[in-house]
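Let's look at how two protein chains meet in this model. Keep the picture open as you read.

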2 protein chains.
Amino acid sequence: MAELKNLTKRSENYSQWYNELVVKADLAEQSAVRGCMVIKPYGYAIWEKMQRQLDDMFKATGHVNAYFPLLIPKSFLSREAEHVEGFAKECAVVTHYRLKNAEDGSGVVVDPAARLEEELIIRPTSETIIWSTYKNWIQSYRDLPILCNQWANVLRWEMRTRLFLRTAEFLWQEGHTAHATREEAEQEAVRMLNVYADFAENYMAMPVIKGVKTESERFAGAIDTYTIEALMQDGKALQSGTSHFLGQNFAKAFDVQFLDKENKLSYVWATSWGVSTRLMGALIMSHSDDNGLVLPPHLAPIQVVIVPIYRNQEQLAAISEKAEAIAADLRKRGISVKYDNADNKRPGFKFADYELKGVPVRLVIGGRDMENNTIEVMRRDTLGKETVSCDGIDGYVAGLLEEIQKNIFEKARKFRDANIRIADNYGQFKEIIEEGGFILAHWDGTPETEARIKEETKATIRCIPDGFDTTPGVCMVTGKPSARRVLFARAY
Amino acid sequence: MAELKNLTKRSENYSQWYNELVVKADLAEQSAVRGCMVIKPYGYAIWEKMQRQLDDMFKATGHVNAYFPLLIPKSFLSREAEHVEGFAKECAVVTHYRLKNAEDGSGVVVDPAARLEEELIIRPTSETIIWSTYKNWIQSYRDLPILCNQWANVLRWEMRTRLFLRTAEFLWQEGHTAHATREEAEQEAVRMLNVYADFAENYMAMPVIKGVKTESERFAGAIDTYTIEALMQDGKALQSGTSHFLGQNFAKAFDVQFLDKENKLSYVWATSWGVSTRLMGALIMSHSDDNGLVLPPHLAPIQVVIVPIYRNQEQLAAISEKAEAIAADLRKRGISVKYDNADNKRPGFKFADYELKGVPVRLVIGGRDMENNTIEVMRRDTLGKETVSCDGIDGYVAGLLEEIQKNIFEKARKFRDANIRIADNYGQFKEIIEEGGFILAHWDGTPETEARIKEETKATIRCIPDGFDTTPGVCMVTGKPSARRVLFARAY
């Protein structure tokens with residue numbers, strides 16, 4: 001079986017293991033367009049489960065969905081001074097709106113007569129087009145708050161791309177809210193970070209550290225960027241979701257004012273927040289092993305697979321009757337089940353394939369099981385097998401799925417906790433950073449020192465974390481005063 | 001109330017009524033980008049209900065979702081000879097991938113150094129990029145069928161746009177399937193047309209005529225295009241969904257062959273099928289009236305609104321307790337309910353607003369209702385009011401919602417049926433077409449005659465319909481033989 005899929009081991013080459021796994025588990029592949037991926041049906045099914053859960057959580061916190069244009073007038077990007085620095089660089093530019101047949105009959109060419117007066121940019125993020133719209137929606141405090149989210153594709157021209165982790169086009173959701181007061185907007189930014197952390201931990205089974213970004217890692221145009229940071233198995237951090245308090249920057253850039261209760265004109269306060277298909281990369285790298293994907297039951301498209309082992313058609317018929325009854329009982333509990341009785345693949349092939357695809361629980365029924373009223377249960381997280389009675393198997397499996405969900409999280413949490421270390425001087429920092437993981441260290445608060453550390457060690461400040469040690473100290477590099485330890489890591 | 005919203009009457013100016021209604025009911029609006037719309041939260045909520053239902057129906061018929069790139073290499077469009085004629089014209093062309101700061105400090109300009117070697121087109125439809133992908137997915141008959149759908153945005157540069165009906169960017173789903181045999185692909189194309197018809201009639205409450213397009217109205221690259229055609233209240237037809245049997249055209253263009261069971265190489269057979277946010281326009285124009293939207297309960301984001309009428313806070317408290325209990329009972333039945341106790345709007349304003357928004361059932365509780373244990377029920381479709389007992393109100397409303405769903409459909413069906421007429425000569429045809437509606441008439445089967453009719457009457461052949469009279473006759477224009485009557489109309 002191992003040779004069938006021939007997956008590189010994590011210990012040999014983690015990066016290659018990831019690239020192979022994404023393709024072999026049928027999650028995604030490169031397309032004919034540089035940097036743009038095809039998300040294959042199995043990968044998309046996981047993304048759909050993520051979307052559905054996040055969407056429910058957004059709606060439960062009062063948000064509604066809307067849709068804004070794909071294209072943004074070039075001039076919009078220049079309206080907010082910092083935003084343009086961050087986003088008006090590597091993006092796809094639409095300059096023409098028509099093709100025509102080539103005169104030499106060789107195909108189609110761009111029609112030079114169809115040049116746009118103003119070029120349009122494929123959205124790298126939608127603050128500008130949305131705030132130009134909000135201007136018409138907001139006159140008075142009665143129009144506030146606006147709590148909109150959109151599920152959309154965005155595009156940022158990336159030079160080096162990796163499936164899910166960094167692609168030119170990616171799918172995401174972007175929330176854009178408008179508020180009457182600073183306090184309310186700040187609360188919203190924190191509320192949505194907590195929604196992301198809840199989702200990451202309770203659905204993705206991925207422990208995260210919440211915190212706030214330093215100035216140089218902030219979203220372009222934000223006053224504060226809140227982040228959740230996760231640790232991958234290779235010791236690199238992965239920023240998994242961000243929520244921005246934008247102050248009045250975009251309201252001022254697009255002149256969005258409202259009459260408050262005292263009939264006074266004020267600029268509107270804003271937030272934006274987003275997670276993307278990058279979470280697919282985080283999910284894969286958090287839990288998977290050398291046999292393939294390990295999916296948390298809460299996000300697995302197939303939670304249970306049932307495989308029959310039989311000598312002849314007569315035996316298959318008897319096994320199928322029992323398996324279908326078990327599948328029906330499981331489905332009644334809301335569990336997604338696949339009964340795989342395909343006769344053109346051997347059981348061993350199926351076992352390897354479902355391990356590769358990360359199906360959390362595998363049930364196998366053979367001839368002896370039929371005699372004994374038993375079934376073999378294999379859990380994907382530990383690969384542990386046991387034989388149990390068929391009586392009450394649905395309840396047993398339901399419980400097991402929750403246990404797997406918890407176990408995957410606990411395993412990731414222990415690994416993460418074991419890899420948060422403290423460095424008290426720069427030499428120590430440089431040693432530890434080579435081993436990977438998070439490092440809590442003192443920093444003098446300046447972008448210059450931050451840049452120097454990044455240049456010399458490839459480590460960045462992931463965030464000023466919530467909690468942990470908040471005692472002041474001295475910067476490990478410059479010896480200047482440090483307000484508190486911040487969280488460093490090398491990152492995706 | 002009427003002046004509050006000031007909606008143009010349908011009889012005065014149908015087109016203006018539609019444009020105003022879309023904006024006033026908060027469904028959509030024009031954006032800063034020519035031809036691209038903003039779908040507002042209330043409009044998007046209806047689209048989400050459509051999406052969810054269609055997605056369930058696609059999955060119930062064995063389809064899975066996937067995602068393919070937004071951008072298509074220009075050369076791909078030229079691969080299929082007819083496809084290029086249809087789609088490689090009015091589309092958005094990406095020529096550059098970077099902006100830079102203007103030297104005069106005036107903003108950002110396109111960086112001439114960042115010109116793409118091959119221009120990329122924003123997908124107007126995805127056959128080409130998908131079939132270039134399927135080439136890698138298909139080797140043998142075991143890899144077939146592939147039954148993929150994608151929910152996506154597409155862009156076609158339209159000169160004259162109208163919200164939902166014709167916009168440059170629009171949202172849609174596009175199914176793309178691959179099959180081993182011609183028969184299987186043809187069956188798939190018909191199956192999906194039936195899914196669309198089922199959705200249109202049982203969810204949108206919009207009767208449709210199924211049929212097949214003539215050669216000149218076919219999708220560019222299809223062998224057969226199946227369609228569902230609906231009739232709007234102004235007597236114009238609206239093509240509401242199409243399903244294409246593509247033969248082996250795209251398989252040949254992208255060299256997609258498979259080894260069949262006899263180990264022989266054959267080209268793969270294809271279908272594609274799609275519906276778009278255009279359905280929002282169809283939904284609005286099928287049922288709505290001079291007071292605003294009329295939504296079928298199966299797609300209404302808010303199915304029931306409860307409005308209290310009160311003299312003081314004490315009375316409001318008592319009414320609210322009762323209203324909340326009723327709302328809870330309705331929600332237990334899966335009905336979406338809004339209790340609107342906002343105290344900054346008068347009841348009359350609320351009534352007009354929910355009528356405008358098409359909420360199917362309005363419940364009103366006032367002081368006398370409290371004394372009598374009654375409630376006033378208003379149904380949006382007929383605007384009929386009655387006062388009923390609060391006992392069993394949840395069951396009553398549940399039944400009423402189904403009755404409204406049926407009634408809206410029946411009303412539209414009667415209107416449609418009364419507007420399918422027969423023309424036996426061209427003079428009669430020209431008279432009837434001025435009155436609107438469908439016309440069944442004989443045609444000689446040539447594109448020339450079809451073009452002449454279109455030029456002279458603005459009517460097109462909507463389809464060669466399933467059913468109706470299939471007796472041969474003579475063409476109303478040329479007197480040449482006609483195989484059967486076909487369905488004409490002026491159309492959106």
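## Strand against strand

Find A:His96 first: across from it stands B:Val93, in strand β5 of chain B. This is a predicted model, by the way. The two residues bring us to a pairing between the chains: strand β5 of chain A (residues 93-96) lines up with strand β5 of chain B (residues 93-96). They run in the antiparallel sense, and three bridges link them.

## How much gets covered

How big is the area buried between chain B and chain A? About 5200 Å², with carbon and sulfur atoms giving 64% of it. On the chain B side, the residues that lose the most area to chain A are B:Tyr67, B:Tyr97 and B:Leu99. Together, those three make up 13% of what that side buries. The size of an interface is often given in just this way, as accessible area lost when the parts come together.

## Charges and polar pairs

Now for the salt bridges. The rule finds four of them across the interface of chain B and chain A. One to look up is A:Glu90 with B:Arg98, where the closest N and O atoms sit 3.3 Å apart. Polar contacts turn up across the interface too, in 30 residue pairs.

Key. Residues numbered from 1 in each chain as written. Chains lettered and ligands numbered in written order. Predicted model: local features only at pLDDT ≥ 70, side-chain atom pairs only at ≥ 80, totals over all residues. Heavy atoms only, no water. Buried area = accessible area lost by both parts, 1.4 Å probe. Salt bridge = Lys/Arg side-chain N within 4 Å of Asp/Glu carboxyl O. Polar contact = N/O pair within 3.5 Å; in protein donor to acceptor, adjacent residues only side chain to side chain. Pairing = 2+ DSSP bridges. Helix = DSSP H or I, 4+ residues; strand = E, 2+ residues; numbered from the N terminus.
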